[in-house]
Amino acid sequence: MTLIISMALSVAACASAPPSTTAPKPEARSYRVSQNASADVDAALERAGRSGKRVLLVMGANWCSDSRALAGWLATDRFAGLIARKYELVFVNIGMPRSGDGHNLEIARRFGLPDLPGLPNVLVLTSDGALVNPTTATLWRDAESRTGDAIYDELARLADLPA
């Protein structure tokens, strides 16, 4: 009888455990297909030249969960202030490069990245087009598993990193 009561209490304890307090990560589908993505990047560089900011060029695709997660974080109020102060933001859709359906890959090559091994990619550019983060630009394939704090801290660091 004691065993039955113990088991019943254990089941009741599991059933009444509080729900997880982990908030869902934001997600956005910001990678639209542009008629001229190079012109979109040029416009961001021009705005950066006028404003004294850097360009935050995010290359990804809506089919990619890491791309959607990063775009989601960038769309939050928390990131809005950092972006408004430090960046001109532009998203570029690169399709599915590994399956042969990649587009706008010449944009990455323009800034010194011959290959994009995954999605998304985050290029931080000076207003004259110098790539600030050549060693980390293609290392965002884990964006979905990064915390908002980690992404924010990295983008804040890159905004102030000497060119």
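This is a predicted model: local features need pLDDT of at least 70, side-chain atom pairs count only at pLDDT 80 or more; totals for chains, interfaces and linings use all residues.
**Exercise 1.** Find which residues of helix 4 are buried, and work out why they lie on the same side.

*Solution.* Start with the helix, which spans residues 77-86: F79, L82 and I83 are buried there. Next, look around the axis: these residues cover an arc of only 95°, which puts them on the same side of helix 4. Now turn to the face away from that buried side, where you will find the exposed residues D77 and R85. Finally, ask what the buried residues pack against: helix 3 (65-74), strand 2 (87-93) and helix 6 (148-160).

**Exercise 2.** Classify the ring pair formed by Y31 and F91.

*Solution.* The model has 3 aromatic pairs. For Y31 and F91, the ring centres are 5.2 Å apart and the planes stand at 85°, so the pair is edge-to-face. Then place both residues in the chain: Y31 belongs to the loop between helix 1 (2-15) and helix 2 (37-51), while F91 is in strand 2, 60 residues apart. Both Y31 and F91 are buried.

**Exercise 3.** Describe how W73 and F79 pair, then follow the cluster they belong to.

*Solution.* W73 and F79 form a tilted pair, with 6.1 Å centre to centre and 50° between the planes. F79 is buried, at a relative accessible area of 0%. Ring pairs join W73, F79 and Y152 into a cluster. To finish, check Y152 for a charge: R78 lies over its face, 4.6 Å from the ring centre.

Definitions and conventions. Residues are numbered from 1 along each chain as its sequence is written. Side-chain values use heavy atoms; hydrogens and water are left out. Buried means under 20% relative accessible area, exposed over 50%, partly exposed in between (1.4 Å probe, protein chains only). Helices (H or I, at least four residues) and strands (E, at least two) are DSSP runs, numbered from the N terminus. The arc is that of the directions from the helix axis to the C-beta atoms. Contact means heavy atoms within 4.5 Å. Rings of Phe, Tyr and Trp (its six-membered ring) pair if their centres lie within 6.5 Å; planes under 30 degrees apart count as stacked, over 60 as edge-to-face and the rest as tilted. A charge sits over a ring if NZ of Lys or CZ of Arg is within 6 Å of the ring centre and within 35 degrees of the ring normal.
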